[in-house]
Amino acid sequence: MNTKYSNLFESLTFKNGITIKNRVVMAPMTTWSSNDDYTVSDQEVNYYKRRVHGVGLVITGCTHVQPNGIGFTHEFAAYDDKFIPSLRKLADAAKSGGAPALLQIFHAGNKALPSLTPNGDVVSSSAVETEATAFAPSVLPRELSNDEILEVIHAFGETTRRAIEAGFDGVEVHGAHGFLLQNFFSPFFNRREDEWGGSLENRLRFPLAVIQEIKKVIKNHATKPFIFGYRISPEEQGGYGIEDAYELIDRLVEQDLDYIHVSLDDVSSTPRGIKDIKTRLELILEQINGRVPVMAAGSMVTADDIASALDKGLSLAAVGHTLIMNPDWVEKVQNGKETEIKTAINTSQVSDLELPEKLWGIIQASGPWFKIED
């Protein structure tokens, strides 16, 4: 192994005592690959088994905690006990490489797919129309009632219990990408005038209540150390900026989480509206100041990309696209074969990559996301 990449292979011990062997994380990636009944498919199992042998930590793609929280077609579910066998199947696959595996849990909020939600009932913090995306149409969601908010909080706890029973080593709450937790934190999408909206303190109430519920479930049901992380977007288009994210980060640090996961388009990107030569990642690391481990995702493809981010103080690097193209990415770096890392998907090698059929279809239609070679 090239010694300049030695920081990738340092172990890390979370405050709960769980130690991982290196700093490379299999990023949570949606695969659009569940069975029609939202159980985990054999194709998805094979996809994970192909990629988990070198990384230090595995995070699954997101799963919805309520039926109306589904954000993607063929997204495996976890909102009912009937899905525990399916989740166990996924946990076994995700842990098959020897690294701990986390279940990423979420509610899509105003990005839920009306065609898949019961009665087309899309809900959010407030009735504010969304813009259409590549994966979801424009929709005017219904504002959640107080009782329904409490039900969602309980649902996050129940899904955490199922993760424990299925054998996962932890959960990551997806509070980024404009999903429900971010809907409540957002001053743009949260127009409420009750205790769940208005002031920054009130907009933080729902995310913090979800965290408290999950911590309670972990305490009552986990029989061994259980990792708990939280994913954030540091900025929102048309909504909050990085200064507001600092407030969120400080409150998350107070929750004694095992890590905070920062979702970035690129770890070298800079915040909008701030004349500062520092990147978003550097500013966030300064704000956290070593109080909690920080994971980041954001266009880290090469070993040099990750080594540089770790040198800046990042604790964990979540890699996604490059693992899709290079299931043995970590082993290649570890064995000094980083020059063999592919930057494109060769169509003749798709079967070897164990890409689920629907995921391969999305990749082919994704345009700039992936380079494809014949």
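**Why these helices and cavities get their names**

Modeller: The crossing of α7 and α8 is right-handed. This is a predicted model, in which local features need pLDDT of at least 70 and side-chain atom pairs count only at pLDDT 80 or more, while totals for chains, interfaces and linings use all residues. Residues are numbered from 1 along each chain as its sequence is written, and side-chain values use heavy atoms, without hydrogens and water.

Biologist: What makes the crossing of α7 and α8 right-handed?

Modeller: The near helix is turned clockwise from the far one by less than a right angle. Helices here are DSSP runs (H or I, at least four residues), numbered from the N terminus; α7 covers residues 242–254 and α8 residues 280–288.

Biologist: Why are α7 and α8 called oblique to each other?

Modeller: Their axes (lines fitted to C-alpha atoms over the stretch in contact, with angles from 0 to 180 degrees between N-to-C directions) come within 10 Å and cross at roughly 40°. Under 35 degrees is roughly parallel, 65 to 115 roughly perpendicular, over 145 roughly antiparallel, and the rest oblique. The pair is therefore oblique. Contact (heavy atoms within 4.5 Å) is made by Ile242, Tyr246, Ile249 and Asp250 of α7 with Arg280, Leu283, Ile284, Gln287 and Ile288 of α8.

Biologist: How many residues of the contact of α7 with α8 are nonpolar, polar and charged?

Modeller: Six are nonpolar, one is polar and two are charged. Ala, Val, Leu, Ile, Met, Phe, Trp, Tyr, Cys and Pro count as nonpolar, Asp, Glu, Lys and Arg as charged, and the others, Gly among them, as polar.

Biologist: What makes α2 oblique to α3?

Modeller: The axes of α2 (residues 84–94) and α3 (residues 146–166) come within 8 Å and cross at roughly 55°. By the cut-offs for angles, that makes α2 oblique to α3. Ile84, Leu87, Arg88 and Ala91 of α2 meet Arg162, Glu165 and Ala166 of α3. Four of these residues are nonpolar, none is polar and three are charged.

Biologist: What makes a space in the structure a cavity?

Modeller: On a 1 Å grid over the protein atoms alone, a 1.4 Å probe fits there but cannot get out. The structure holds two cavities of 30 Å³ or more.

Biologist: How do you know which residues line the second largest cavity?

Modeller: Lining residues have an atom within 4 Å of a point. Here they are Gly175, Leu181, Gln182, Phe185, Pro207, Tyr230, Tyr240 and Leu248. Six are nonpolar, two are polar and none is charged. Helix α4 (residues 180–185) gives the most, with three residues.

Terms used
Helix = DSSP H or I, 4+ residues; strand = E, 2+ residues; numbered from the N terminus. 1 Å grid on protein atoms, 1.4 Å probe; cavity = no way out; pocket = protein on both sides within 12 Å on 5 of 7 lines; lining within 4 Å. Points joined across faces, edges and corners; volume = space filled by probe spheres on them.
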